[in-house]
Amino acid sequence: MGRARLLFAMSVALAGCLGSSRPARFYTLAPLQVREGPTSTDSTLAIGPVEIPDSIDRQQIVTRTGANELVVAEFDRWGSSLDGQITSSLVATLGDRLRSQQIAVAPWRSAVLPSGGATWRTAVSISRFDGIPGESVILQARWELIAQSDGKQQSLGVRKAMVTERIDRAGYDALVAAMQRALLRLGQQMGDSVAAAAQMAKANIDDPEIDGWTWPHGR
């Protein structure tokens, strides 16, 4: 009888432990609401590849507690791959920013871009994208703009950005919201620089370097 009671007590305790296990929560970097309106696709911009650090390339959300310590959240995770979510966010933001361009995804550097019309590709490398909960998110990135003409590709230059977004409250939902805003700002900066390069191409100017971009001769 004593053994039966002991086994029953153990089973109740085990059930209590299992029942109190914290469920995982999943988050997305889906872009903020994008305005709707007519577009004119007289050129194409392909986004990718997007490279992210190995330290954050995981399902769990990674944060910092200081300059050198990373924390992996076991129960707060991304709903899909982080690089894929970053790419989707940039595509949406650039599509909204560059209304005259068709936005595509080029997941590999060897991806074949559409022929005909003006075509560009921007390869993105993110060196840091994390934050300290309750404080701020930091996004550091560089992107290279590549022009395609007559089946040939040529780099026009590289730009860098560092975006800091304050986190307005505690919790991973606030952290992810700040990361979302940081991505939006990065996409807007990229869009403005691509628009400047496109304007330079249309102007057919002789100066090979304007606004930081180097445009190839003989275009």
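A residue counts as buried at under 20% relative accessible area, as exposed at over 50%, and as partly exposed in between (1.4 Å probe, protein chains only). Strands here are DSSP runs of E, at least two residues long, numbered from the N terminus.

The model is predicted, so local features need pLDDT of at least 70 and side-chain atom pairs pLDDT 80 or more, while totals for chains, interfaces and linings use all residues. Residues are numbered from 1 along each chain as its sequence is written, and side-chain values use heavy atoms, without hydrogens or water.

Start with the sheet. It is open, with 3 strands in the order E1-E4-E3 and mixed pairing. Two strands pair if DSSP finds at least two bridges between them. E1 (25-27) and E3 (60-64) stand at the edges with a single partner strand each, so one side of each lacks a neighbour in the sheet. Neighbouring strands are turned by 60° against each other on average, direction ignored; the axes behind such angles are lines fitted to C-alpha atoms.

Now follow E3. Strand E4 (residues 70-78) runs antiparallel to E3, and 4 bridges join them. The two form a hairpin with 5 residues between them. Arg64 has Leu70 of E4 as its bridge partner. Val62 stands opposite Val72 in E4.

Side chains in a regular strand alternate between the two faces of the sheet. In E3, Gln60, Val62 and Arg64 point one way, Ile61 and Thr63 the other, and all are buried. With 5 of its 5 residues buried, E3 is therefore largely enclosed by the rest of the structure.

Definitions and conventions:
Axes are lines fitted to C-alpha atoms, for helices over the stretch in contact, and angles run from 0 to 180 degrees between N-to-C directions.
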